[in-house]
Amino acid sequence: MTTPHTARPDDTPLVGVRTHTDIDLALKDQAGHGGAPQFAAGAAAAYTWALGRTDRSPITGTGAAQGFPGLPLLTAEVDASVVQLDDATTQGDARDYIRGVHDALAWICGYSDQPA
C-alpha cells in the first residue's frame with residue numbers, strides 16, 4: 001500500500017512519522033559516515049525506497065505504486081528485516097545490510113529517535 005503523502009498541519013509531507021526533508025537529510029548524512037559499507041548501503045536503500053525513488057523495497061522486493069510507501073508497508077518491511085536478523089544463518093555482509101535497512105526504517109516509522 002502506498003500513499004501520495006500524509007501531511008502535518010503545516011502541510012509538510014510525512015513518510016511514516018518523518019518529513020520527506022528529514023529523510024532526505026538522513027540519506028545525505030549517511031553518505032558522510034564511515035562504518036560498515038553494507039550497513040550504509042542498507043540504510044541508503046531504505047531511505048531511497050521510503051522517499052519513493054526506487055520501485056522495490058530493500059528487504060522483500062515488494063513493488064510499489066506511485067507515491068511514498070505508507071506506514072503499513074514501511075512497518076511490514078521492518079518486520080521482514082527483524083525476521084531475517086533473527087535467522088542464525090544470515091551472515092556477514094548480508095546481516096550488516098539488513099541491519100542498515102532495519103535501523104533506517106525503524107527511525108522512519110518512529111520506533112527509534114536516531115536515524116541509521
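Author: Helices (H or I, at least four residues) and strands (E, at least two) are DSSP runs, numbered from the N terminus. This is a predicted model, where local features need pLDDT of at least 70, side-chain atom pairs count only at pLDDT 80 or more, and totals for chains, interfaces and linings use all residues. Residues are numbered from 1 along each chain as its sequence is written, and side-chain values use heavy atoms, with hydrogens and water left out.

Reader: How many salt bridges are there?

Author: Three, taking a salt bridge as a side-chain nitrogen of Lys or Arg within 4 Å of a carboxyl oxygen of Asp or Glu.

Reader: What does R99 pair with?

Author: D103, with the closest N and O atoms 3.7 Å apart. R99 and D103 are four residues apart in helix α4 (residues 92-109), so about one helical turn separates them.

Reader: Which residues are joined into one network?

Author: D24, K28 and R53, through salt bridges that share partners. D24 meets K28 at 3.3 Å, N to O, and both lie in helix α1 (residues 20-32). R53 meets D24 at 3.0 Å, N to O. That pair links distant parts of the chain, 29 residues apart, with R53 in the loop between α2 (37-50) and β5 (68-69).

Reader: And D24, buried or exposed?

Author: Buried, at 16% relative accessibility. K28 is exposed at 53%, and R53 is partly exposed at 44%.

How values were computed:
Buried means under 20% relative accessible area, exposed over 50%, partly exposed in between (1.4 Å probe, protein chains only).
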